[in-house]
Amino acid sequence: MAVTMQDVAREAGVSAKTVSNAVNGTGRMSAETRRRVQDAMVRLGYHVNRSAQTLRRGAARMIGLAMPGFGQPFCATYCDNVIAAVTRRGYGTAILTYDTRADGIEGIIEETHRMDADGWILFSNRPIPDSSPLLAQGCPIVVTGDYLSHGRADVVMMPNVEAAAHVTGWLLDRGRTVAFAGAPETWCDDRGLRDAAMAAVLQAAESGAAMRLRGYVEEFGRRGLDVDARLVAGSHSMGVDDGIRAVERLIERRAGGVALDAIVCANDAVAIGAMTALRRAGLDVPGDVEVTGFDNASAAEYAMPPLTTIDPDIPQYAQLAVDRLIARIDGDESAARTFVTDFRLVERESTR
């Protein structure tokens, strides 16, 4: 039997009207009361019948997009593609950013209620707990950003493992000694990838950086090769500055006798940082060290030199998210699914 608003009200110890206000972002209530209602919705698995809401009050025809910010080249490219896909479907777009909030993406929940969008595409930059109120919104959601939803919402992911394995294999086939820059920092130390982290790497099922490192490691394994832990450099996040610092460590190891003439980077921003670090060290790209990225954001084409990168089909990534969200808005109640985009390798001048 479907969970009703009255069931949520009893669980939370409030009136049905209070639950309705919490769901619709109307009325006045304390943050504690709203959290109590959201927690009750999570525990009971309550979901709003959005189609019924539309019949009662008319559709807003507005899609919400939550993003960390626009410091990464990928974020602006993705946002542009979401807006284009939303517009093609006859909706408008409302955008919220959360990278300046101490509580991250969960800090925008109150604002999503007030903005009255028909549904939200949530681009998360960290794991989402099963108990998170993000997964108990009063409207449909789709999760992007390469993190899981515990079966509570549709997820759109990039082909992280497969694509990273492909570019690693492409470099290995050409006789290169291949490093990886931008691995999760917790899996690395000053010497490289920690031995104790290998099991976690091979089981990585979310986080772009983690799954791309997994693809790199798995490609070595398919060829019967061991990964040299010294060729893996971690980073706190996946920005340009992180790429500089990660590759500075690889350059130090190269100067100390570790063979290295190609670097697979976790994304384009890390790759741009990598090329900066290599130039500062007097090394030529691609003459001394080849560099590849991941995302094919607009900055990749205009980098110096232009960047060889994985194109994970960002237009498809955005379109999948928009189409799945609108299907949910229109009443699709099928089980949540995970969707993965296609990819291709774009060869430019950062490799030879």
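How many salt bridges does the count come to in this chain? By the rule that a side-chain nitrogen of Lys or Arg lies within 4 Å of a carboxyl oxygen of Asp or Glu, the count comes to 21 salt bridges.

Before I go through some of them, a word on the model. What we have is a predicted model, in which local features need pLDDT of at least 70 and side-chain atom pairs count only at pLDDT 80 or more, while totals for chains, interfaces and linings use all residues. Residues are numbered from 1 along each chain as its sequence is written, and side-chain values use heavy atoms, with hydrogens and water left out. The mean pLDDT, the predictor's confidence in each residue on a scale from 0 to 100, is 91 for the protein chain, and 94% of its residues reach 70 or more. Over residues 53-57, however, pLDDT stays under 50, and the model has nine contacts there beyond four places in sequence, contact being heavy atoms within 4.5 Å. Where pLDDT is low, predicted coordinates should not be read in detail.

Now to the sheet. Helices (H or I, at least four residues) and strands (E, at least two) are DSSP runs numbered from the N terminus, and two strands pair if DSSP finds at least two bridges between them. Six strands form an open sheet in the order β2-β1-β3-β4-β5-β13, with parallel pairing. The edges are taken by β2 (92-97) and β13 (338-340), each of which has a single partner strand, so one side of each is left without a neighbour in the sheet. From one strand to the next the twist averages 20°, with axes fitted as lines to C-alpha atoms, for helices over the stretch in contact, and angles running from 0 to 180 degrees between N-to-C directions. Within the sheet, β1 (residues 62-67) and β3 (residues 119-123) pair over four bridges, and L65 stands opposite I121 in β3. Helix α13 (residues 314-329) lies across β1, β3, β4, β5 and β13, running at about 145° to β3.

D154 and R324 meet in a salt bridge at 3.3 Å, N to O; because D154 lies in strand β5 and R324 in helix α13, the pair ties together parts that are 170 residues apart in sequence. Both belong to a network of salt bridges that links D154, R324, R328 and D332. D154 is buried at a relative accessible area of 1%, where buried means under 20%, exposed over 50% and partly exposed in between, with a 1.4 Å probe and protein chains only. R324 likewise counts as buried, at 13%.

A second pair joins R174 and E290, with the closest N and O atoms 3.3 Å apart. Here R174 counts as partly exposed at 24% relative accessibility, whereas E290 counts as buried at 0%.

D295 sits in the loop between β11 (290-294) and α12 (298-302), and residues in contact with D295 include F74, M158, N267 and T309.
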